[in-house]
Every structure is written in structure tokens, then in C-alpha cells.
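Here is a short report on how the chains of one model meet. Look over the sequence and the structure first, then read on.

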Number of protein chains: 4
Amino acid sequence: MINFASDNLSGAAPRILAALEAVDAGAAMPYGEDEVTARLERRFAEVFETDLAAFPVVTGTAANALTLAAMTPPYGAVYCHPEAHINAEECGAPEFYTGGAKLVGVPGAHGKLAAADVAAALAHAGVGFVHHVQPGAVSLTQASDAGTVYTPEEVAAIAEVARAHGLAVQMDGARLANALARLGCTPAEATWKAGVDVLAFGATKNGALAAEAAVFFRPELAREVAYRRKRGGHLISKMRYLSAQLEAYLQDDLWLADARHANAQAARLAEGLAALPGCALLHPVEGNEVFARLPEAALDGLEAAGFVFYRWREAGPGVVRLVASFDTRPQDVDAFLAEAARHCAGG
Amino acid sequence: MINFASDNLSGAAPRILAALEAVDAGAAMPYGEDEVTARLERRFAEVFETDLAAFPVVTGTAANALTLAAMTPPYGAVYCHPEAHINAEECGAPEFYTGGAKLVGVPGAHGKLAAADVAAALAHAGVGFVHHVQPGAVSLTQASDAGTVYTPEEVAAIAEVARAHGLAVQMDGARLANALARLGCTPAEATWKAGVDVLAFGATKNGALAAEAAVFFRPELAREVAYRRKRGGHLISKMRYLSAQLEAYLQDDLWLADARHANAQAARLAEGLAALPGCALLHPVEGNEVFARLPEAALDGLEAAGFVFYRWREAGPGVVRLVASFDTRPQDVDAFLAEAARHCAGG
Amino acid sequence: MINFASDNLSGAAPRILAALEAVDAGAAMPYGEDEVTARLERRFAEVFETDLAAFPVVTGTAANALTLAAMTPPYGAVYCHPEAHINAEECGAPEFYTGGAKLVGVPGAHGKLAAADVAAALAHAGVGFVHHVQPGAVSLTQASDAGTVYTPEEVAAIAEVARAHGLAVQMDGARLANALARLGCTPAEATWKAGVDVLAFGATKNGALAAEAAVFFRPELAREVAYRRKRGGHLISKMRYLSAQLEAYLQDDLWLADARHANAQAARLAEGLAALPGCALLHPVEGNEVFARLPEAALDGLEAAGFVFYRWREAGPGVVRLVASFDTRPQDVDAFLAEAARHCAGG
Amino acid sequence: MINFASDNLSGAAPRILAALEAVDAGAAMPYGEDEVTARLERRFAEVFETDLAAFPVVTGTAANALTLAAMTPPYGAVYCHPEAHINAEECGAPEFYTGGAKLVGVPGAHGKLAAADVAAALAHAGVGFVHHVQPGAVSLTQASDAGTVYTPEEVAAIAEVARAHGLAVQMDGARLANALARLGCTPAEATWKAGVDVLAFGATKNGALAAEAAVFFRPELAREVAYRRKRGGHLISKMRYLSAQLEAYLQDDLWLADARHANAQAARLAEGLAALPGCALLHPVEGNEVFARLPEAALDGLEAAGFVFYRWREAGPGVVRLVASFDTRPQDVDAFLAEAARHCAGG
């Protein structure tokens, strides 16, 4: 299988897998009382250049749901893009963990929220009006679900709107590394310095086996998280194996290097596709995801040739999502493009 | 650290850690659509000699909460021992996943439910009486939270009571391997043949990194589980690494061999303690856990000597829980006993 | 105060208030085991010409939330108009009672769902796709939140779409009487004969003190409702006083007569407004609600003159909602129109 | 029917029913923005001699669930008597409204909590231990579910324990009037002056049609209640009819006079029964409830003679609960006693 379906079809980055063995010997205190986890929290603080509270979990869904539940009461609302993963792809996990909050979609071009649209939505929210759910949080996905990336300035503009309404800002950072690789700024600049209060930090899509973290830049929001994590079944007893993945991920900027590689492959793919007759990109390619429209015959031919990818049927005929990963090889990209070209040329 | 605190302080069994590398190469479909997970479900069916549905998850809390939520409506009740892990040690996870069901404690000697007591509790439940929560499930822990083991006959007697009230039976099998090692019966005999409908199958406490499974012997009870697992944040994208742990765990009866070893060390410990002046066992030692009362001075001395264990203060002064694991060495047991003897002799 | 703000500012219909005294004497069994409640359920069956199960409650929010919770799992979705009361005005009650289901807005002209739009939304729902919430119910408001009325044919078309996807249909009938008064069809024709499975039957907005009912035309959907009603705190102990309101409401077609009166006043108001310079109706006036745009100066003048109504600011400047009630007097309508005319003429 | 089954079989007190008509004329703002409700809140403050926030609702279940949800997080625990109405008779409403908190039973003689037992339970609660639900509130029922009454000193002792653990105290006052009639102290002395923070104030069992209130003596605990009440479907639109009941209830001490009458009838009944051969009281009779054991033959005879009461089978053969109400007549008590005597004499 030559995988362009998703970055979660990839296996583990070698250094991350190796880290499991490195922490294996002997007994260690469970439930996060171990040394690896303590080291990890310090490492997170260094990487983000600030005090923070980090709660490792095994899925992005858990990281998102736990962070949102820390910010939003059951009668609350989370403002997000309609296509945000939290709204569209998590089977209602945020609703479950918040106790029934409402996700309010604020449409925006290329998968991103615009500050003005968030402001307009909040203006009609009815704060203090008992018949309405009450604004609880603003959530943005970085990189977005359309493969685009918010600049720190864009994040800051949204955060300013949120702050003006007394709301905190959550970032779904399942592909934060890809966004950082694009932006070239520091993790701090992309997050809390731009007004992000809480981060669902992702590693699985970029080389971990199963490792994410709920990261709180404002400790007072983290007060309940330990209980909610346990109650959600997400407090891993042998935590060191989870923390070790995140530690290796952050070590020597492995995460950024691997994300740069993935982004580069996506860019290579996008450039090639854009040049093919009958092909078009749907969104700017700023991370490791390419949304494109190809002739149906080309898609059929590519599948027949063993390439794996998702048809994005709700976006119309011929639309696909192609995702590059830390282990995508340039020759795989080129083979994909060559195969596509064979079918498009004939079109 | 010489660990008698818990089996979850141990690391991973070597063959289980090795299995992660074995499934690492190349791309694999995510979210359980991979070959390893398919193999695992077949393997589970062979081991339990019946058709079943198995949902791997990373914690016993998740396995318990998801299985109970499949059996109990929000206005339901789960009958269990007051000291059952689901009632006492999961921060309300079953309440969370069921949408607010009530756990009704039915006391019983040595951590076990007695069928007659369950029958008496159900007789007063008020079935159909709208002011009362409605019986939803009976749950028993095997091995129990007091380190004892239900015989298949005891399970069957409880299941018969449950069945007579239209209830299904859940088994918290976090230490099922230890129970089987004690009983010498087949997994089928200890579970569905004795009337168990749903099983929280544990592996983490016996050598996995983080791997459990929600196992349904009655497929109609599993209808909603896939959605509830996703919604709980427990659908791992790179599932192969989770399934591989369980596959290795079951391979060549590794799980039973390792449990036998742990049980043997617990027995060695129990025998030694029982012979010491001033020491007493609180429960029959039938699995890998020893509950004992020792002189406080002995406990202080043992801790000073580097032995790690839990003081079980709610059970009174001097009470400790000592847990043996797949990697507990006989010499560690003997060292513990020697140190204890030194203090008890002087008493 | 001359009230055009809402039908729930009105008091009780005299015959309904009188019914409370009529059932007051002596003791009666509580929690709905009384004779009045038994009579009421029979009366409902007569009025709707079918067997049904009816659960009286005190608010439309409760009737909606309980009916939706009977149809939708926690991981489910309710398809409704974005401006539906259940989505916009109940502070998340459906989310609370369902355990966190998602309300999916399907926009439509004049506050109504169109069958084709529901079909299109369901086509992309992802049935069986574990990452998506699963369709649970379709809900429509009759009369709608824009004051329009679904014909039985329109309801049937939506119900057919729902049925084709295995979904049941809920009707929020907070103003069902007004819809029936408009349609001239029987209650049966407007509901279950058109494919409605479950009805939130309203009486409060049309003359009751506080009386609604969750009505199930398909008894199998009602299986859990008694428990969920109790658990929601909605099982009234002295139920006779609640049932008596509904009985009087249905007696001698009081509900339809009062709704016809309210509709007639709304029509009178609409006709008058439409004739004023600078005024416009936003939606067809088919029930007892008028949505109109008036010059701001006219609104200020009307308020200064003591008329009470809601400014509908989210729909733009000058937009108001005017609601007629069972006790709205023609002379009040005429006075309103005269005052409005005074300001519009000068415009 | 001569009712000793429950005080909620009685109808409405005449002055309370009359109050509905008194507030009926004309339009009034909905959802509690009316004058009656404003007056009621001031009246509550006068009666309790302190600032407070009062939220009228229609059931005690709602008042209990809303107050407990204001005090207890989803991962919290409410400490109460095992037979407390909130634990035994509300079908899990507190679990529903809190989002899945746990009710922890603390047994005590005659239906009452003892401060020392609460202290002992809290000592083992495991505050800050992430595997345990966290103490959220202590709840006591006044008068208790065994018909006994806490003295202010007893309440204060429990409240002191709660305060020492950082917990707030909730009082289920479904029969608070009966307790006050017994104690002869002021409402303030029985509640907040003794350390009660939140009160579920009952009126229905003592003459209202359906009227209770969630009363907060500490306003900071009431912050979320308006939203949770709406979300629970308990915000009545025509609130004046609910508030009017409570206003009439408090007017001229009607509530206390009616409760004194009910208590006197219960005392008359208890005295009579205690003198009969073969009869015994199970609990001190301090309010309007009598728990007694009678010969089965006497019970059969009483039922045959048309007396209605509950057999309390879970307390053993021959046990009944007899409840006096504001409208219980002395001659009904005497008739009951005469009939009982006829059967007991022959024993």
C-alpha cells in the first residue's frame, strides 16, 4: 500500500519506538507518578517557554474533549469551524465530556475561523439570556482541517475577540507540528503568546504510536482535569510508556523535523497536481494535507495502481484528500504524480 | 525499588514489547481496520471458544465503563461489591459512561458477592417502580479486589440470580489471568459458560504496556459500543500497536504462564507471612494479591529497607496490600520475608 | 400592558383555571395514578383517534427533551431547523436529556424544513461511520418558529425521508392548536397519519397555566419515558392538577376555538401592518405570530404607548415579533395598528 | 378513601388554590420576570431573615437535583443517609443533574445522619486522590425520611464536619414546615444559622398544588442555577402561578399552622397506636409521619375498612408508614385507631 490516506496509517517513528524500550526496565510508580512523566512536564515547559500543566492521553479525541470540558459548562457553547474535527469527526466526544454542551459552527474559508465571524456569532449569543446556551470557549484547529495554517496574527485576532467576551481559546493541535514547520515561529509564539489558553497537543499523526497531551497554559483551567481524565478512562497506569513517546517526540526537535519532511512532500504533491490538466487544488497547501479535484478516471487509475487515499465525496465528485506523513518518500509522491499524469494527459 | 505495591508498577513483558516492533513496518489501515486487529478478534474467539465481539482499549477503567454502559440505562443500577474497583477506584467512570447510573453495593465476605445477597438486594429493587433506579447489570471482579477468586460454580449461581431478574452479568477481569491460573479451568468455563455476558479483559496488570478489551459474548449487547468507544476518546487510530500487545499476551498462553508465576510468588509471600509472629492474612490468597496485617514496626522497617507497598489504612492499622507480578522474583519475596521476620521476631 | 410579546404572557383560560377547583376535593392517588389522569389519557386517544401514551409535564422544554431523548442515543443527532426552539431557545435541554446528542441544523425558508434538504443532510450523515454522530430523529415545529404552518403533505414528505433512513419523527407542537386552526384538518391527520411518531403537545401558550404532554403514537418509543420523566424531576405528585388543565383544554374543542381566535387576531394585525407604508411582513402569517419590519420610530412610539413586544434584533433593525393570544382583543389589535399608522404615515 | 398513605394525596390548601385566581388577571412577564415572583423572593428573604436566591420549581426532585448539581461536580460525591429520598426515591435524579456524581450512604439511626459518622466517612474519602470521587456536598433531610427531626444543634454538628472538609451542606426540606412546627425555632435557626448552605424548600406535601423552591443562602453557589433550571425544563413560563402558591404558603404563617395540624394528627395517631397490644412504633414521631408495626390482621382489616396507607415491606412484615396531612381530620385518626383496636384486641 502506498499511503496518502492519512498520517495515522503510518507506523511509529523509529526513535519513538526505541524510547519505549529505554524506559522499560524495572518498576516505576504508576498513574504518572514516574520520573519519565515528571521529566516530560518539564520538557513541555521548556519547549513552550512557560509554566504549564500537561496531561498525556492516547488520542486526540480525548485531548480535545478533556480540554473543552475544562472550559465549557454543560449549558455552554464551543464556537468552532463547522468542519472542525471536534464537531465533525469525534462522534460527539466534546458533547460527552462537557455534559452536553453545544458546538456552534462558524463557517470560514479554507477551514479557518475568521475573527470577524466569531465576533458576529458572539454578538448574537445572548450572554446572560437563560434560554440560550452560554459561550464557553472558542476552538481552532492548527493546522486546520482543510490543511491550512493560522498565522500567529490570525490566532491573536480570534483570541482578542474571545477575550473580549470572557472566553478562553482552545487549539486542536493534532497537527501543530505541521503548522509550526510552516510558520517557522516558536511553539510559544504560535500558542499562548498569541492568546491560546489550552492546547490539545498531537503526536500520533506525526510519528507516535498513540500519544497526545492536554496542555494548559493557564493552570486554573486545569483544576478538574485529573479527575475528568481518570473518569474518562484516560489515566494510563503504566504512564511511562506514554510519556516516553512524547519525550522522544520533543527530543532534538524530532517533531519539527518530521513535520517539515511531511510538509515538503505535500508541497511536492500539490505542485505536481496543480500542473496537471484537469486537476485543481481546493485549498492552499500549508501543512501536510492536500485537497484536490482530479478527473474521476485518474482517481480510479491511481487506486488500481495501489495508491490509497480518501475520496472526499461531500465536497463533490473527484475531490480527494491526500496526506503526507513523516515517512512519505519523495519517490512515492513522484510515482503518484506520474500515475496521475498518465490519466490526466489522456483527458 | 523492590515493588510489592502493585502489578502495574511492573514494566512490559519482553514478548509484548517485542510485538510492537513486529507490527511496526509500513502503513496499516487505522481505527482497527488493520490485519493485526482482525487476527486478534479471531484469536479471542479461539481462546474463549465462542463467537464474540472484542474492542481493545488502553485501560481497565475504559473497558469496565464501556461494558457497563452497554448494559445499563442512565436510570439503571449496577449491583456490585462495595469495594469493587468500578465502585471504589474509578472516580465515577461507570457513572460517566452510563449517563448517571447508580452503583449499588452488595457487601460480601473477602471481596466477593454471594448469590443469595444479590438475590436479596434485587428483591427490594422495585422493578417497574418509577421512583427507583432500575436494575441494569450485575458486576463481579475476577480475581476480586480482596485477592480471592470466584469458582465457576459461584459465578454461575450469581448469573442465575441475574438471569432470573432479566439482568446481564459483567465481569471485571482486570486480573482474569490470575483467576484462571488459580482455577485451572478454561477461559470459557470461567466466563460465558458460567453465565458471564460481558467481560472487561485485562492485560496491563499482567505484562502489557496498556491493553485491555471490552469483550461481548452476546453480540446484541455490543451494538452501540463502537460509537461509545469513539465518543469516549478510546478508538486508537494506530490500533495495531494495541492489538499486537493483546495478541502477544494470548500467544502460547503467555498470559497464563505469567499469571501462574505471579500467583506462586503471592502464595510464597502469604505462606511466609502467616508463619511470622504478629502477622495475619486478612483474606485467602488465591491470586496475586496478599492482604495482611503486620506490626507497624515491621512495616516501617520494610519501607526503610526499600520495599514498596500500599498501606491499606481504611482496613485498620498495620494492614497492607502486597501484590506480586509476572516479574516478581522469588529472591525478592524471600528478602521481604526475611526483613519482616527480623522485625516480627523482636516483637 | 397591552401584550403582543408572547402568548405566554397571557393568563389562564377561565375554564382551565376552573378545572383546578373541580378536581380539588378529597384525596387522590399521586404520581398519575389518579382518575383525572386516566381520563385524560383516554381523552387524548379519542382526540387523536389512536392508541397512544401521554405523559403530562409542565413545560414544552420538558416535553421536547423527553420525547427527543426517547428517540436519540447519546451519540445521536437530531435534524431540525436551525431556529427551532429545541435548538435555539432551550439552553441545551435536548442535549442534557439525550446525554449529549447533537442538534444538526437544516436551514429552510420561513422557519420550515424542506424534505429535500433533510434528505440531502442525511445523505452525508455517515450512517455506520463511527466518527460521526448517528442520525437519531427528525424534529419539526408546528406551527414553526417563524409563524408558518406545515401542511400534512409537507409533514408526510419529511416523514417519508426520515422513514427511509430508519428515523422517527418528532413534532414540537407547542403551538399545535394554532396549526390545526389554520389547517382545518383533524389532529390525527396533522400528526401520526402524516408520519409523526412522537409529539410534544402544548397547551400553556394557548391558555393553560403550565401543561404540556409528551405523546407517543408508537408505544415502543415510550418504554423508558416514565423513568426519564421521574429522573428529570417532571413526575408531578399531585398530577390531577396538571391533567385537569389538559382535560379542560381538550374539552368541547376549547383549544381549537381559542387558537382560532388567536390566529384571527394575528391575521388582523398582519393585514393592517402590510398596508402601512414602510412596513413589511417577513413570513406568511399562518398561525398566531407575526414577524414584521417597521420603522424604528414606529416601534419607539408603540413602546411609548404601552405596547409590549419583542425586538427581533438578530433579524435586523426594525424587525419585531408580535404574538396574538387566546385573550387578545380586536380592539387591542386595532389600537396597535392605529398607533403604528400614526408613526408610519409621518415617515 | 381515608388517606394515611402520603401527604401528597391531599389536595390543595384553600388559600393556595385561591391565590391562583388572585394573580390570574391580565398579562404578566414570563419566566419569572413578573411581580409575584419578585415579591416572593423578597418574602423568602424576610422569612429566612437573610439575603438569598430562590428558584421556584414544581417538584422536590427538581429542587433537590438542582441544588445538589450546584454543589457537586460530575466526579463528586454527595454524603447522605442511605434511605434519603435523594438516594432511594428519585430514580437517580441527582446523578442525572450532577452529570454522574455518586451518592454515598452514611447509615444512621432513625433516618438521621450523625456528625461522627459523616466525619468517619469523609476521613476515608481520599480527597485529592484521583481514583476516588471527590466529596462535593453533605445532604440531610429535614424532617427525615423516618419521620424524625434534626435539632439545630445536630444540624450544626454535621455542618461543622462538612465545613472542616470544605463542603457545603444541602437540606432536603420537603417537610421543612413539619420540622419547624416540631422545633419551634425560626426558619433561619433551623437552616443557615445552623450551617445549611442550600435548601430544597418544600410546599407540595403541605398544601401546594406543585410548588417547591431551590433556595441558596450563599449566592455564589447559585451562579449556574438559572441555566441548569432552564436546561432541565423547569423554568415555568407563566411563573406567577407557581410563585403565587409559595407566596400564599408563606402568608400569615399558613405553612407552619398547617404543619402543626399535621404533626398533631400524627402524634395523636402514634399515641393511640403505641397503646394497642401488638403494635409498636419504629421511630420517634416528631413530624407528620408514623412508622409502626401492626399485626397483619389489623392491616388487612384497616384496608378492608377503606383506610389507605403504605406497607413498608422492606422493613419487615407488618410495618407501615402512616402520614398525616394538613387536611387530616382528628375523627379520621380516631376512626383508624378504633378500627385498629378492634383487630388488635382480638389478638
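## Where chain B meets chain A

Across the interface of chain B and chain A there are zero salt bridges. A salt bridge here is a side-chain nitrogen of Lys or Arg within 4 Å of a carboxyl oxygen of Asp or Glu. Polar contacts do occur, with 30 residue pairs between chain B and chain A, both residues at pLDDT 80 or more. A polar contact is a pair of N or O atoms within 3.5 Å; within protein, one must be able to donate a hydrogen and the other to accept it, and residues adjacent in sequence count only if both atoms are side-chain atoms. Chain B brings 49 residues to the contact and chain A brings 49 residues. Contact means heavy atoms within 4.5 Å.

The area buried between chain B and chain A is about 4,000 Å². Carbon and sulfur atoms give 61% of that area. Buried area is the accessible area (1.4 Å probe) that two parts lose on being put together, summed over both. On the chain B side, B:Phe96, B:Arg231 and B:Lys238 lose the most area to chain A, together 19% of what that side buries.

## How the model was read

This is a predicted model, in which local features need pLDDT of at least 70, side-chain atom pairs count only at pLDDT 80 or more, and totals for chains, interfaces and linings use all residues. Residues are numbered from 1 along each chain as its sequence is written, chains are lettered from A and ligands numbered from 1 in the order in which they are written, and side-chain values use heavy atoms, with hydrogens and water left out.

Which helix of chain B gives the most to the side that touches chain A? H5(B) does, with four residues. Helices H1 (14–22), H3 (60–71), H5 (93–98), H10 (225–231) and H11 (240–250) of chain B each supply at least two residues of that side. Helices (H or I, at least four residues) and strands (E, at least two) are DSSP runs, numbered from the N terminus.

By class, the side of chain B that touches chain A divides into 24 nonpolar, 14 polar and 11 charged residues. Ala, Val, Leu, Ile, Met, Phe, Trp, Tyr, Cys and Pro count as nonpolar, Asp, Glu, Lys and Arg as charged, and the others, Gly among them, as polar.

## An aromatic pair across chains

The count over all chains comes to 66 aromatic pairs. Rings of Phe, Tyr and Trp (its six-membered ring) pair if their centres lie within 6.5 Å; planes under 30 degrees apart count as stacked, over 60 as edge-to-face and the rest as tilted. One of the pairs is A:Tyr97 with B:Phe96: the ring centres are 5.0 Å apart and the planes at 70°, so the pair is edge-to-face. A:Tyr97 lies in helix H5 of chain A and B:Phe96 in helix H5 of chain B, so the pair joins two chains.

## Symmetry

Chain B can be laid on chain A by a turn of 180° and a shift of 0.0 Å along the axis, with an RMSD of 0.0 Å. The two copies are thus related as by a two-fold rotation axis. In chain B, the C-alpha of B:Gly232 is nearest the axis, 3.4 Å from it. Copies are superposed by least squares on the C-alpha atoms of residues with pLDDT of at least 70 in both.

Chain C can be laid on chain B by a turn of 180° and a shift of 0.0 Å along the axis, with an RMSD of 0.0 Å. In chain C, C:Gly99 comes closest to the rotation axis, its C-alpha at 3.2 Å. The same surface serves both copies: 100% of the contact residues of chain C recur in chain B.

## Where chain C meets chain B

Here 20 residues of chain C are in contact with 20 residues of chain B. The buried area is about 1,700 Å², and carbon and sulfur atoms give 62% of it. C:Tyr75, C:Tyr227 and C:Arg231 supply 43% of the area that chain C buries against chain B, more than any other three residues. Helix H10 (residues 225–231) of chain C gives the most to this side, with five residues.

Between chain C and chain B the count is zero salt bridges. There are 11 residue pairs in polar contact, both at pLDDT 80 or more.
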